[in-house]
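I'd like to walk you through one model today, so let me put it up on the screen.

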Amino acid sequence: MYKFYTNTSRFQSFFFGLLLCSCVSGFSVVKAQSLGGFLTHLASLPGSAERELAIDSFWAQLPAVPWIDGDTAHFLYRGSISSLALAGDFNFWNPAGDPCDQASGTTLWYRSKVFEPHARLDYKLVRNGSEWILDPANPLTVSGGFGPNSELAMPAYVQPWEIQVIPGVPAGSISTSSLASTNTGRTYSLQIYLPAGYDEDREWGYPVAYFQDGHEYVGLASAARIFDNLIDSGLIEPLIGVFVRPTDRSLEYAGGLRFSYADFFGEELVSYIDENYNSATQARDRAVIGPSFGGNISAIITMAHPDVFGNCGLQSGAFWPNSFETYTNWLSFDADDSLKVAAIWGSYEGSLVANMNDFVVHLAAENTPSIWDELPQGHSWGLWRSTLDDMLTFFFPPRDPVSGIWESAEQPSLGIYPNPGREYFMMDVPETMLGGILQIHDQYGRMIRSIEVMDRTLYLDLNGLSAGTYQVQVHKGKLRANASWIKTH
């Protein structure tokens, strides 16, 4: 995702303050020396005392830990322990997946791994085979469902500005309530966000974003702060946020209660909000958003109540509790193209990657208005909090203040021909996308081509690729243009 700042003086000051901080903390002389070179030097020293002194000097010059050198992250640790390993998004949290090496006769442990330049991943250190700890040398952490994790952020990753507390931005309010459901026979805890300046008599009402795993979106994803910052910067229409806590997540999102829970959302919850708040009441004014199994139930809710919810946000949607045809049929039956879908997932999410790629193939085939992206991240609240803004700006762009009409949120389209094709395709690129990045992914989600778009018409020689369906995307800032290309034998 490409993050950007508004052109207001407040956000310019915030941005340049961060930029100045990053510039003055630049690399020291360590940059001129490779880790391998230092380890060779270390091994040449005569004794442990000399080696520890050399490590002291080396460590003091490190710009940061993990130490990023090009596309390689060097994980480093000092301590008198028997073993050390890395566990994180990059190895599915396997405590034995990435054992670290010890520099002989020293307290220095290390492991080097190559990542994409804009990767962002959670990890922990595992000492002595069983003790899971944060990386003590890394100040970056991100909250997760099981507590904080250390964060690896490669140099091209842009930290999300919208989750920060920015002086002068008016804050909305959050109230709590509960709602009993006759559909499920359970009572649900709600947190309800109202924007700063909420007006019970506001013309057109307020659009409403409904969230699964609602308390985590508030506590771990900083959703209210994201709302505040996006509203203040004019990127979204002021909205109401409804955050719902499940009583049994697996049962209600993926198990035997999922369809009853969908009816609770579409019938009881929406009615409660509409009766008590100045909410807009058309399907296009409502979105339902969720992560993982929360994405699964968000799709089911939208599928079961298309007249209620016109926007569906899938963050790493875990679809396997249902047959995949459930979702493709859902898209096929959206005859009037009233549905908008945003789908975002990480390339470090195992089998989910192939499922999401299959899903966006069908989005393109059905011409469903949508945005989607696959990012080098894992199944993490760090991913979901940093991409929520993309969904909200797609679903709820600002209204015209006089007419109340939504500003156009339509994404540009790509013209690909011949399609199907065998050895090549040509593509017509909208002028608004010039300077963007074109990426082609295969049916397994693997990126096979990435180039900068400099011409309105592109010719791509794809001879040698296996037959199948490929996803083509051009993205530039918040704009995305998606298409599918079928390669024949």
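So, counting secondary structure, we have 11 helices and 25 strands in this protein. Keep in mind this is a predicted model. The protein has 489 residues, and 54% of them are buried.

Next up, cavities. How many cavities of 30 Å³ or more does a search of the whole structure find? One. The space in that largest cavity comes to about 30 Å³. If you want to find it on screen, pick out the residues that line it: Phe75, Leu76, Tyr77, Leu84, Leu86, Leu125 and Asp135. Two elements give two or more residues each to that lining, namely strand 2, which runs 72-78, and strand 3, which runs 84-88. Which of the elements gives the most? That's strand 2, with three residues. And if you sort the lining by class, you get six nonpolar residues, no polar ones and one charged.

Okay, moving on to a helix pair. Have a look at helix 7, residues 258-276, and helix 8, residues 293-304. Their axes come within 9 Å of each other, and they cross at roughly 65°. As for the handedness, the crossing of helix 7 and helix 8 is right-handed. So who's touching whom? From helix 7 we have Arg258, Phe259, Tyr261, Ala262 and Phe265, and they meet Asn296, Ile297, Ile300 and Ile301 from helix 8. By class, that contact has seven nonpolar residues, one polar and one charged.

Where does Thr368 sit? You'll find Thr368 in the loop between helix 10, which is 352-365, and strand 18, which is 370-375. Now, is Thr368 buried or exposed? Thr368 counts as buried, because its relative accessible area is 6% and the cut-off for buried is under 20%. There's also a partner to point out while we're zoomed in here. Thr368 and Lys340 are 28 residues apart in sequence, and their C-alpha atoms are 6.6 Å apart in space.

Technical notes
Residues are numbered from 1 along each chain as its sequence is written. This is a predicted model: local features need pLDDT of at least 70, side-chain atom pairs count only at pLDDT 80 or more; totals for chains, interfaces and linings use all residues. Side-chain values use heavy atoms; hydrogens and water are left out. On a 1 Å grid over the protein atoms alone, a cavity is a set of points where a 1.4 Å probe fits but cannot get out, and a pocket is an open set with protein on both sides within 12 Å along at least five of seven lines; lining residues have an atom within 4 Å of a point. Grid points are joined across faces, edges and corners, and a volume is the space filled by probe spheres set on the points. Helices (H or I, at least four residues) and strands (E, at least two) are DSSP runs, numbered from the N terminus. Ala, Val, Leu, Ile, Met, Phe, Trp, Tyr, Cys and Pro count as nonpolar, Asp, Glu, Lys and Arg as charged, and the others, Gly among them, as polar. Axes are lines fitted to C-alpha atoms, for helices over the stretch in contact, and angles run from 0 to 180 degrees between N-to-C directions. A crossing is left-handed if the near helix is turned anticlockwise from the far one by less than a right angle, and right-handed if clockwise. Contact means heavy atoms within 4.5 Å. Buried means under 20% relative accessible area, exposed over 50%, partly exposed in between (1.4 Å probe, protein chains only).
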